[in-house]
Amino acid sequence: MINEMPDIKNEIHTEDNKKDLMSRFNHGDPFARMSTLYAPTLKEEPADAEIPSHRLLLRGGFIRKTASGLYSYLPLGWRVLKKIEAIIREEMDASGAQECLLPILGPATLWEESGRISKYGPELMRLEDRHERTFVLGPTHEEIMTDLVRHELRSYKGLPLNLYQISTKFRDELRPRFGLMRGREFIMKDAYSFDADIDGMKESFKVMYNVYTTICERLSLKALPVAADAGQIGGADSIEFMALAESGEAAIASCSSCGYAADLEAATARVNVGDGPQSSAGIIEEVSTPGISTIADLARYVGVEEKDCKKAVALLKEPDSDEDPQAIIAMLPGDHELNEVKAYNAFGPYHLMDDEELDQYGLIKGFIGPHNLPAGIQIVADVSLRDSKQWLIGANKADTHYKGAEPDRDFTIDAWIDLVTVCSDDGCPVCSNPLSLTRGIEVGQIFQLANKYSAPLHATFLDKDGKEKPLQMGCYGIGVTRTLAAIVEQHHDDDGIIWPITVAPYEVGIIALDPKHEEVRIAAETLATELSNSGLQVLLDDRDERPGVKFNEADLMGTPVQIVIGKRGIAENTLEVKIRATQEKSSLSTQEAKNSILTLVEELKNR
């Protein structure tokens, strides 16, 4: 027998039983209570948490791991995310950008049109529907957004245009790690501008640069704009906004003298390169180097510095079709390493030759050089070597090197390319002063796409003369969940998180030391109500817990302003106020508490 649905709508609801129903999950208060807040904290350090943000967000009851790279956001974490999103929305809307929402699931045919379906790599999550049609879970939305406008944005009169969304994205990371820093599912704000020409696109790019700068300031993030590689998104110029942190995955080269800064993948420098020893006869000369197959050993053996040697790296460019792969020897300063991103940008897909491939091309590991190479091997060199005339190089013969080798005379460089990874103390490319290396967390990146997507997807418009032209695009992303983690990386101490008041889940925490004491309870609830009704977000710790537990958890959760109310204070008509960031404590009379706290919160917001 099927149970009948209860006839809820015909029940008589008095004000009293409405209140009773409301009190099932809360007390009908304008403030939150710790006794009903779902914020399970952890006393022990999470075993798999490697960086402070991951550890503290787990311990403080902000997030929970569902699977590798997948996290659930508990009420505290979600409140922070919504505040971050609100700041982003306010600044984006103020710039004239318009919010929309695109589907997370997109047809693979769009990615085939753009050419990215095969280039993006295994991070692109794919699936089939019941009709065996292939779809992708969007890691970003260039294709879908371009498709959205190409059918209807047909005239120059509709330009410029900037559309954005805040939504979930997916990337099948090989090694999800560091909590929210590198996940398989994350929240991102992505925006796309459309202009009639390159100049317009650059103006939109400048607008978004200023917007991102303001967003970082409002989030209390110390972020450095750095030149960056465009990666899978593509396009020409790109700038990353790096939140400086020791735990950052990305290395940054920067100059304190002129302000130059770049991600290490894209950084250039004036590399200090030395000449090797000259030959006695003024011509290329063999040097016996038995068992000397590393740059460090070679420099010691010959009596020079590593920068005076020339390093050869053997690469194999992977063919696009049925053509044979191209062997490449890349010559570098001896004390620098090949930059994989720069090499990929120069050659396309490639890999370092293994021992079998070295044998196949007649190359001897540890003794490779540009002189007397087998036919068909391309020779490229880092641009820093262009002015070096005396090269100490491998001789393509076991246990042998050459000294006194000269470009053009003894071998030909087919191309001079920026190939090295910048090192600390390399010269700044702008002012030549020494560069320093720091680490950062990428919280946002902006791109000048031009017609990278509009051309293959045929997103065109008619200009004033009635001519059909491709839309010129820009792309602008902010990792919302990653930004949450970056804020914690910059704002924490040994006791827990120190939330900037603009993004704190609650601005004020009231700790009732003796909640069963009627006067303490009334005073705490009254102040919480007054502050909440004045516009503050208040969390009242009304639990029957030891004071130490309450103090520790308030610091762990990072509540910016903490108010302590106890029996002694009630007897003396005082309460204690602590600022979480500075640990500064002060006493207030209960009569002046409300106005003083409102003033304090406003001061913290304006700092």
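**View 1. The largest cavity and the residues that line it.** Four cavities of 30 Å³ or more are counted in the predicted model, and the largest cavity has a volume of about 100 Å³. Its lining is made up of Met-34, Gly-509, Ile-510, Ile-511, Leu-539, Asp-541, Lys-550, Glu-553, Ala-554, Met-557, Thr-559 and Gln-562. Sorted by class, this lining holds six nonpolar, three polar and three charged residues. At least two lining residues come from each of β28 (508-512), β29 (538-541) and α12 (547-557), and α12 gives the largest share, with four residues.

**View 2. Helix α12 and the residue just after it.** Several residues of α12 are buried, namely Val-549, Lys-550, Glu-553, Ala-554, Asp-555, Leu-556 and Met-557. Among the residues that line the largest cavity are Lys-550, Glu-553, Ala-554 and Met-557. An α-helix has 3.6 residues a turn, so residues three or four places apart point the same way. Just after α12, Gly-558 adopts a positive phi of about 85°.

**View 3. The crossing of helices α2 and α10.** The axis of α2 (residues 52-59) and the axis of α10 (residues 480-490) come within 8 Å, crossing at roughly 100°. Because angles of 65 to 115 degrees count as roughly perpendicular, α2 is described as roughly perpendicular to α10. On the α2 side the contact involves Pro-52, Ser-53, His-54, Leu-56 and Leu-57, which meet Leu-484, Ala-485, Val-488 and Glu-489 of α10. By class, this contact of α2 with α10 has six nonpolar, two polar and one charged residues.

Definitions and conventions. Residues numbered from 1 in each chain as written. Predicted model: local features only at pLDDT ≥ 70, side-chain atom pairs only at ≥ 80, totals over all residues. Heavy atoms only, no water. 1 Å grid on protein atoms, 1.4 Å probe; cavity = no way out; pocket = protein on both sides within 12 Å on 5 of 7 lines; lining within 4 Å. Points joined across faces, edges and corners; volume = space filled by probe spheres on them. Nonpolar A, V, L, I, M, F, W, Y, C, P; charged D, E, K, R; others polar. Buried < 20%, exposed > 50% of the residue type's maximum accessible area, 1.4 Å probe, protein only. Axes fitted to C-alpha atoms, helices over the stretch in contact; angles between N-to-C directions. Parallel < 35°, antiparallel > 145°, perpendicular 65-115°, else oblique. Contact = heavy atoms within 4.5 Å.
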